[in-house]
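Let's work through a few exercises together. Keep the sequence and the 3D view open, and try each task before you read its solution.

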Amino acid sequence: MLQGMLQRTCLAIVSTAQTLIVRDKHAFNRAVLKPKVRCHFPKPMEVKRINVHGWNARMSTPEGRRVLMNRILKGRHNLSH
């Protein structure tokens, strides 16, 4: 019984390792397809959006901190710009 369980465990480990190797060689690797930097020069409206709705703007006032806390409690993935 112990030997059978050990064999199943070894087979599971080997199959997991094989799938990890296959996934690493996948043609549609997200790290290759999507660049890390979105753009080098932010557009003027992006700067304004970040200045108005960004993290520092939210944290600078009590109302902004309330907005952030409501988004945290609601479970939002993105809290601010």
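**Exercise 1.** In what order do the elements of the protein chain run from the N terminus on?

*Solution.* Start with the ground rules. This is a predicted model, where local features need pLDDT of at least 70 and side-chain atom pairs count only at pLDDT 80 or more, while totals for chains, interfaces and linings use all residues. Residues are numbered from 1 along each chain as its sequence is written, and side-chain values use heavy atoms, leaving out hydrogens and water.
Next, list the elements: they run α-α-α-α-α. The count is five helices and zero strands (DSSP runs numbered from the N terminus: H or I of at least four residues for helices, E of at least two for strands).

**Exercise 2.** Is Leu73 buried or exposed?

*Solution.* First, find Leu73 in helix H5, residues 62-74. Then take its relative accessibility, 66%. Buried means under 20% relative accessible area, exposed over 50%, and partly exposed in between, with a 1.4 Å probe and protein chains only. Leu73 therefore counts as exposed.

**Exercise 3.** Where does Met59 lie, and which residues does Met59 touch, not counting those up to four places away in sequence?

*Solution.* Met59 sits in helix H4, residues 55-59. With a relative accessible area of 35%, Met59 is partly exposed. Its contacts (heavy atoms within 4.5 Å), with residues up to four places away in sequence set aside, are Arg65 and Leu68.

**Exercise 4.** What percentage of the 81 residues of the protein chain count as buried?

*Solution.* Apply the cut-off from Exercise 2 to the chain: 5% of the 81 residues count as buried.
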